[in-house]
Amino acid sequence: MSNGSFRTQLGRKAKTVNNTLRRLLAAQAMINTDMKKALRYTLEAPGKRVRSALVLWCCELVSGKANRNAQIAAAAIEMVHTYSLIHDDLPAMDNDDFRRGLPTCHKAFDEATAILAGDALLTLAFEILASEIDNPSTAVRLVGELAQAAGPAGMIAGQVADLKAEKTKGTKKLLEYIHTNKTAKMFRCAAAMGAICGRAKKNQFDHLCEYGLKIGLGFQISDDILDVYGASSHLGKTAGKDAKAGKTTYPSVVGMKKSKKLGEKLAGEAAAALKPFGRKADTLRQFATALLERTK
Ligand code: GRG
């Protein structure tokens, strides 16, 4: 992230998320000790926590504070995101050895443990929504949003298309489909979950969802750019992999200059979606810019 004070704000939110994750995992008395080790290893690795922070900020924006439901929802989306990274790093997928500055789960443990740790995080996310959210209708809405974003018409659809597109000549249309499904829908989901926990009005909910989708797409474009320019040691994951694998990315399809322009355009559109909230949404505006200017 670029801006110092903004980084402090994100750091505070990350701390809240980390505490909730630690508490929820510690409360799981029935988990096998080895599995718990793998879950703790991947969950406590230094992820940026951008999706979970977004849940907390959106709840704060519409209700004045990031309440307990938002903290649970933030932990749930972080679990699903972490599962997706564990599975994405497996040899059958992106086959990576390095994530969040550490050996990937299948390298630190073994492949079977990594598959099961991913499965465990995915299911645990829904368990905590079902058991910890204080109101059944809120829980059902949160479960629905998360399942849709991560499921076969969301993140999985994006991953399937991404793998299929490797070493083909991608089009802008295909690229938008992949990035929207693989990445942007999870950001939209984070905004939606925060809005639901804060009891947002329909109009507020819609604006926050639009904001989430735009910054999510912008985030993936900056991820594509960082893969070209970034250093593995700084990114905490292997840089330069997209080109090697023949991935369909924004720089490979539209070029670097246009990719940067598009990222800026999306950040502008995301900020415009926050208009009804006025200055109260300044943190989210800063977030849109910071995601674009990030260096990891
Ligand atoms: C569905 C079987 C199955 C696997 C999931 C969709 C998917 C496969 C993986 C997605 C992994 C991926 C590379 C998504 C692109 C989005 C992205 C840039 C992820 C990295 O997110 P960051 O930068 O990571 O927020 P940290 O480590 O900071 O949390």
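Colleague: What should I know about the model before we start?

Modeller: It is predicted: local features need pLDDT of at least 70, side-chain atom pairs count only at pLDDT 80 or more, and totals for chains, interfaces and linings use all residues. Residues are numbered from 1 along each chain as its sequence is written, and side-chain values use heavy atoms, with hydrogens and water left out.

Colleague: Why is Glu-78 called buried?

Modeller: Buried means under 20% relative accessible area, exposed over 50%, and partly exposed in between, with a 1.4 Å probe and protein chains only. Glu-78 has 1% relative accessibility, so it counts as buried. Glu-78 sits in helix H4. Helices are DSSP runs of H or I with at least four residues, strands are E runs of at least two, and both are numbered from the N terminus.

Colleague: What makes the pair Glu-78 and Arg-100 a polar contact?

Modeller: A polar contact is a pair of N or O atoms within 3.5 Å; within protein, one must be able to donate a hydrogen and the other to accept it, and residues adjacent in sequence count only if both atoms are side-chain atoms. The side chains of Glu-78 and Arg-100 are joined at 3.2 Å. The distance is therefore inside the cut-off.

Colleague: Why is Arg-100 called buried?

Modeller: Its relative accessibility is 13%, so it falls under the 20% limit. Arg-100 lies in the loop between strand E1 (98–99) and strand E2 (102–103).

Colleague: What makes the phi of Arg-100 worth a remark?

Modeller: Phi of Arg-100 is near 50°, a positive value in a residue other than glycine. Most residues other than glycine have a negative phi.

Colleague: Which residues come nearest to the ligand?

Modeller: Lys-48, Arg-51, His-81, Tyr-83 and Arg-100, out of 20 residues around it. A residue is near a molecule if one of its heavy atoms lies within 4 Å of it. A polar side-chain atom of His-81 lies 2.7 Å from a ligand oxygen. For Arg-51 the distance to a ligand oxygen is 2.8 Å. For Arg-100 it is 2.8 Å.

Colleague: How much of the ligand's accessible area does the protein cover?

Modeller: The protein covers 91% of the 730 Å² that the ligand has on its own. Such areas come from the Shrake-Rupley method with a 1.4 Å probe.

Colleague: Which element gives the most to the shell around the ligand?

Modeller: H4 does, with 6 residues.

Colleague: Why is Arg-199 called exposed?

Modeller: Its relative accessible area is 60%, so it is over the 50% limit. Arg-199 is in the loop between H9 and H10.
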